[in-house]
Amino acid sequence: MGYELSWESKGLVKRFFGDVTDRQFIDAVIDSESDARFDSLHYVINDFLDVQSFVFTPDDVDYVAAIDKAAAVSNPHIRIAVVTRNPEIIDLSRQYAESPMNVYPTRRSCSYGQDLI
């Protein structure tokens, strides 16, 4: 289905829902990082709790990490949180957090608030 962006005073919540494709996730990254409000963000929360399926590969993860690395030139102060119950998304978020291309501190949580790092 897709995603929605909810801008807050110091952050952004990206809520994903339904069947999410790699293109939709990358579009959400590009939409948020090309917005003028991006430069003043302190945090981004990626909420995957309503995702039914997520089509994303390890190569896509590296691509997003590279996009984020370029975006960090204008805002290096962002912290990222990933909220999910989906084991595949947990694995992909772990890959992102550990990627040498990743410049943003990243934390993962399950739906119970238990930190996974």
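**Terms applied to this model**

Q: Why is Pro105 called partly exposed?
A: Pro105 has a relative accessibility of 38%. Buried means under 20% relative accessible area and exposed over 50%, with partly exposed in between (1.4 Å probe, protein chains only). Pro105 therefore counts as partly exposed. The model is predicted: local features need pLDDT of at least 70, side-chain atom pairs count only at pLDDT 80 or more, and totals for chains, interfaces and linings use all residues. Residues are numbered from 1 along each chain as its sequence is written, and side-chain values use heavy atoms, leaving out hydrogens and water.

Q: Where is Pro105 found, and which residues does Pro105 touch?
A: Pro105 sits in the loop between α3 (87–98) and β5 (106–109); helices (H or I, at least four residues) and strands (E, at least two) are DSSP runs, numbered from the N terminus. Leaving aside residues up to four places away in sequence, Pro105 is in contact (heavy atoms within 4.5 Å) with Ile78, Arg79 and Ile80. Pro105 and Arg79 are 26 residues apart in sequence, with 5.3 Å from C-alpha to C-alpha.

Q: What makes Met1 exposed?
A: The relative accessible area of Met1 is 69%, so Met1 is exposed. Met1 lies in the segment before β1.

Q: Which residues does Met1 touch, not counting those up to four places away in sequence?
A: Met1 touches Phe17, Gly18, Asp19, Val20 and Gln24. For Asp19, 18 residues along the chain from Met1, the C-alpha separation is 5.0 Å.

Q: Why is α2 called oblique to α3?
A: Helix α2 (residues 58–71) packs against α3 at about 45°, and their axes are 9 Å apart. Angles under 35 degrees count as roughly parallel, over 145 as roughly antiparallel, 65 to 115 as roughly perpendicular and the rest as oblique. That angle makes α2 oblique to α3.

Q: Which residues make the contact of α2 with α3?
A: Pro58, Val61, Asp62, Val64, Ala65 and Asp68 in α2 meet Leu92, Gln95 and Tyr96 in α3. Six of the contact residues are nonpolar, one is polar and two are charged.

Q: How do you know that β1 and β2 pair?
A: Two strands pair if DSSP finds at least two bridges between them. Strand β1 (residues 2–7) and strand β2 (residues 11–20) have six bridges, in the antiparallel sense. A hairpin of three residues joins β1 to β2.

How values were computed
Axes are lines fitted to C-alpha atoms, for helices over the stretch in contact, and angles run from 0 to 180 degrees between N-to-C directions. Ala, Val, Leu, Ile, Met, Phe, Trp, Tyr, Cys and Pro count as nonpolar, Asp, Glu, Lys and Arg as charged, and the others, Gly among them, as polar.
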